[in-house]
Amino acid sequence: MTAKATLEPPACGPEETASESANVPATEPSGEVAAPKSTGEEQTPKPQEPAPEAPGPEAPAATKPAPPSEDVPSAPLLLAVEDVGDSSVTVSWEPPERLGKLGLQGYVLELRREGALDWVPVNARPMMVTQQTVRNLALGDKFFVRVSAVSSAGAGPPAVLDQPVHIQETVEAPKIRVPRHLRQTYIRQVGEAINLQIPFQGNPKPQASWTHNGHALDSQRVNVRTGDQDSILFIRSAQRSDSGCYELTVQLEGLEAKAAINILVIEKPGSPRSIRLLDVWGCNAALEWTPPQDTGNTELLGYTVQKADKKTGQWFTVLERYHPTTCTISDLIVGNSYSFRVFSENLCGLSDSAAVTKELAHIQKSDIVAKPKSFVERDFSEAPSFTQPLADHTSTPGYSTQLCCSVRASPKPKIIWMKNKMNIQGDPKYRALSEQGVCTLEIRKPSPFDSGVYTCKAINVLGEASVDCRLEVKASATH
């Protein structure tokens with residue numbers, strides 16, 4: 001059975017150890033003892049005997065008459081170092097062959113720094129243990145260790161370690177902990193910043209280095225800061241050339257750990273090339289195009305195909321994230337002519353420009369022979385006229401409201417909204433919409449101040465027309 005104890009004894013000489021040993025109770029034959037903290041200079045106890053001429057493991061000569069050899073115990077056996085840490089050392093030994101006639105009272109452990117002459121006891125009183133741990137040692141210390149068995153007649157000859165004990169820093173193998181989001185390809189857009197913080201472990205502090213695709217980093221573009229526990233790689237404005245494999249290497253006394261981070265810098269793709277209108281039949285049109293020359297440094301998610309009627313000129317999407325480079329557009333309206341355009345798309349979005357067909361797709365009626373002589377072209381031009389006027393409206397403060405009317409005119413009229421005869425175009429509080437002759441004015445979160453007469457005026461080259469209504473915003477009742 002082993003017993004462990006932690007002590008912080010003062011530095012004292014062998015005389016003090018011997019004088020106090022009689023009062024120490026017996027304990028189990030093993031334990032743990034902590035040594036006092038080391039100071040800047042060697043603490044030298046008052047010696048019991050003159051210092052020897054040269055440092056050595058031999059025991060000091062006693063100033064008093066030596067007791068008979070049979071009264072004192074012999075030297076402990078098998079003194080050995082069990083463990084050495086960065087601030088402690090553990091030693092153990094076996095009891096001596098001869099305990100002495102007066103019986104064994106314990107053991108005294110002593111240290112002597114390398115280059116010093118005097119031995120310093122670790123424990124002030126003898127301890128009945130056969131294992132002790134000396135703590136609070138300074139990093140880099142070298143010292144000799146000896147232990148003596150003590151009886152009431154005095155201390156016996158010591159057992160001394162042949163080699164000094166060296167307190168060295170514990171070496172911890174380096175290890176890199178890659179964050180979870182960097183274990184797969186790290187994707188950034190051109191112009192964005194790249195900031196990688198990679199934690200690592202190792203004791204003492206390891207040396208960290210980075211490479212890009214197996215080559216040294218460009219110090220003009222890439223900044224690296226390495227601390228005690230992490231390394232940070234920073235690129236202020238990423239370019240496509242920054243894509244690749246970045247490898248972090250952490251080295252420590254012949255040991256090393258590596259981690260690879262794959263970075264992909266992307267941007268919007270280019271537009272498709274050489275789009276062609278292959279055929280038009282019935283209400284269908286066939287298109288073909290070639291992929292873009294630049295995909296933005298990543299795979300395409302597909303193509304977006306849009307159509308526009310020649311009359312309105314408004315574009316409508318008919319296919320999204322479409323992968324083939326040929327398609328057929330159906331359900332086109334007879335009598336209309338259409339243009340088509342195609343965008344490329346990747347993770348950054350649609351391309352900035354599109355490939356547009358040069359020729360129009362004319363959807364003609366089948367089996368109809370035109371008779372120009374019997375056809376009289378009708379002029380559909382007319383001055384604006386409101387088919388649905390504005391209606392007076394009452395609103396509650398804080399709730400958006402809308403004023404609606406409908407107008408008919410050809411060519412398409414210009415719509416002007418006024419409040420109390422004042423033009424409100426461009427006011428962010430109002431949002432005016434006009435779609436297929438339906439005119440809408442949205443008033444965002446009105447207040448009583450927004451009450452008044454609102455006018456919608458339609459103007460084209462043939463004339464103008466206007467309609468009025470009154471809006472009343474009732475103030476909330478206060479209690």
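Leu 471 is buried in this predicted model, and the reason for saying so is that its relative accessible area is 1%, where under 20% is what buried requires. If you look for Leu 471 in the structure, you will find it in strand β35, which covers residues 463–473. Leaving aside residues up to four places away in sequence, Leu 471 touches His 393, Ser 395, Ile 443, Asp 450, Ser 451, Gly 452 and Tyr 454. There is also a distance I would like you to note, namely that Leu 471 and Leu 403 are 68 residues apart in sequence, while in space their C-alpha atoms are 8.9 Å apart.

Let me move to another residue, Asn 336, which sits in the loop between β22 (326–329) and β23 (337–346). Is Asn 336 buried or exposed? It counts as buried, because its relative accessibility is 9% and the limit for that class is under 20%. Its side chain makes a polar contact with the side chain of Asp 309, at 3.1 Å, and another polar contact, at 3.5 Å, with the side chain of Tyr 338. Once residues up to four places away in sequence are set aside, the residues that Asn 336 touches are Asp 309, Lys 311, Ala 361, His 362 and Ile 363.

Now to the cysteines. How many disulfides does the structure hold? The number is zero. Cys 439, for instance, is in no disulfide, and the nearest cysteine sulfur, which belongs to Cys 456, is 4.5 Å away, whereas a disulfide would call for a pair of sulfur atoms within 2.5 Å. Cys 439 is buried, with a relative accessible area of 0%, while Cys 283, at 28% relative accessibility, counts as partly exposed.

Definitions and conventions
Residues are numbered from 1 along each chain as its sequence is written. This is a predicted model: local features need pLDDT of at least 70, side-chain atom pairs count only at pLDDT 80 or more; totals for chains, interfaces and linings use all residues. Side-chain values use heavy atoms; hydrogens and water are left out. Helices (H or I, at least four residues) and strands (E, at least two) are DSSP runs, numbered from the N terminus. Buried means under 20% relative accessible area, exposed over 50%, partly exposed in between (1.4 Å probe, protein chains only). A polar contact is a pair of N or O atoms within 3.5 Å; within protein, one must be able to donate a hydrogen and the other to accept it, and residues adjacent in sequence count only if both atoms are side-chain atoms. Contact means heavy atoms within 4.5 Å.
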